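Reader: I am new to this structure and would like to know what the terms used for it rest on. Please set each value against its cut-off.

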Amino acid sequence: MAADDRSAAGRELRDSLLEMPEMQMSGTIAAYVSVGTEPDTRGLLFALWKRGSYVVLPVLRPDGDLDWASYEGPDSLTAGPRGLLEPSEPRRGVTAITSADLVLVPALAADLSGNRLGRGGGSYDRALARVGAAVPTIALLYDGELLAAGQVPAGALDRPVGAAALPGQGITRLR
């Protein structure tokens, strides 16, 4: 995908997510800073921060679990392990995600059953295990990365997501 196409997809995802009633009503949003060719989340993070939403971002711990810290604008990000950008604010602990009203999750693909393909470390599955069942969890994907039910393998420790956001389709409920 060309850089311009990725940027356009990121803007479409941002707009779809910002229009979601669940996003508009959320006091605390757990999100992430995109890396590499993932759908761009920086515009979304900035928009949420500017409108006064409380956003927490992951901080990768040495054991592979995720700690969380506040996003205080683009200047609050610093280089982390594995090419990640992480917030420089004080860490709030691995259970900080339990206070989120909505969780945005990175994914390489997802299927209509809610199974998500991550990068293989299990960090997000551990974090999602702490999230209440009523909290919306949304994988951010490109068009073509949402597959038919049962197409993404899932193990006992994998945690499904409840929705997928796609540039061309908006929000698709899963499960």
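**Pockets, pairs and contacts**

Author: The largest pocket has a lining of 27 residues, and L84, P106, R119, S123 and Y124 lie nearest its centre. The elements that give two or more residues to this lining are β2 (54-60), β5 (85-87), β8 (116-117) and α4 (123-128). The model is predicted.

Reader: How much space lies in the largest pocket, and what classes of residue make up its lining?

Author: The space in the largest pocket is about 600 Å³. Its lining has 15 nonpolar, five polar and seven charged residues. Tyr and Pro count as nonpolar and Arg as charged.

Reader: What is known of the second largest pocket?

Author: About 230 Å³ of space lies in the second largest pocket. It is lined by 15 residues, with A133, V135, T137, P160 and R175 closest to its centre. By class, the lining divides into nine nonpolar, three polar and three charged residues.

Reader: What makes a space a cavity and not a pocket?

Author: A 1.4 Å probe fits in a cavity but cannot get out, whereas a pocket is open. The structure holds one cavity of 30 Å³ or more. About 40 Å³ of space lies in the largest cavity, which is lined by N115, R116, P153, A154, D158, R159 and P160. Three of these lining residues are nonpolar, one is polar and three are charged.

Reader: How many salt bridges does a search of the whole structure find?

Author: The search finds six salt bridges. One of them joins the side chains of E22 and R173.

Reader: Why is the pair of E22 and R173 called a salt bridge?

Author: The distance from N to O is 3.0 Å. The cut-off is 4 Å between a side-chain nitrogen of Lys or Arg and a carboxyl oxygen of Asp or Glu, so the pair of E22 and R173 qualifies. E22 belongs to helix α2 (residues 21-25) and R173 to strand β12 (residues 170-173), so the pair ties together parts that are 151 residues apart in sequence.

Reader: Is E22 buried or exposed, or does E22 fall in between?

Author: E22 has a relative accessible area of 23%. Buried means under 20% and exposed over 50%, so E22 is partly exposed.

Reader: How do you know that R130 and D65 form a salt bridge?

Author: Their side chains meet at 2.6 Å, N to O. That value is within 4 Å, so the pair of R130 and D65 is a salt bridge. R130 lies in the loop between α4 and β9 (137-140) and D65 in the loop between β2 and β3 (66-70), 65 residues apart. With a relative accessible area of 25%, R130 is partly exposed. D65 has 7%, which is under 20%, so D65 is buried.

Reader: What about D63 and R61?

Author: The side chains of D63 and R61 meet in a salt bridge of 3.0 Å, N to O. D63 is partly exposed at 45%, and R61 is partly exposed at 33%.

Reader: How many aromatic pairs does the search find, and why is the pair of W49 and Y71 called edge-to-face?

Author: There are three aromatic pairs. The ring centres of W49 and Y71 are 6.2 Å apart and the planes stand at 75°. Centres within 6.5 Å make a pair and planes over 60 degrees apart count as edge-to-face, so W49 and Y71 meet both conditions. W49 is in helix α3 (residues 42-50) and Y71 in the loop between β3 and β4 (77-79), so the pair ties together parts that are 22 residues apart in sequence. W49 is partly exposed at 29%, while Y71 is buried at 4%. F46, W49 and Y71 form one aromatic cluster.

Reader: What makes W68 and Y124 an edge-to-face pair?

Author: The distance is 6.4 Å centre to centre, with 85° between the planes. The distance is within 6.5 Å and the angle is over 60 degrees, so the pair of W68 and Y124 is edge-to-face. W68 in strand β3 and Y124 in helix α4 are 56 residues apart. Both W68 and Y124 are buried.

Reader: Why is S76 called buried, and which backbone atoms lie by its side chain?

Author: S76 lies in the loop between β3 and β4. Its relative accessible area is 5%, under the 20% cut-off, so S76 is buried. A polar atom of the S76 side chain lies 3.1 Å from the backbone nitrogen of E72. The backbone oxygen of G73 lies 2.7 Å from a polar atom of the S76 side chain.

Technical notes
Residues numbered from 1 in each chain as written. Predicted model: local features only at pLDDT ≥ 70, side-chain atom pairs only at ≥ 80, totals over all residues. Heavy atoms only, no water. 1 Å grid on protein atoms, 1.4 Å probe; cavity = no way out; pocket = protein on both sides within 12 Å on 5 of 7 lines; lining within 4 Å. Points joined across faces, edges and corners; volume = space filled by probe spheres on them. Helix = DSSP H or I, 4+ residues; strand = E, 2+ residues; numbered from the N terminus. Buried < 20%, exposed > 50% of the residue type's maximum accessible area, 1.4 Å probe, protein only. Phe/Tyr/Trp six-rings, centres within 6.5 Å; stacked < 30°, edge-to-face > 60°. Polar contact = N/O pair within 3.5 Å; in protein donor to acceptor, adjacent residues only side chain to side chain.
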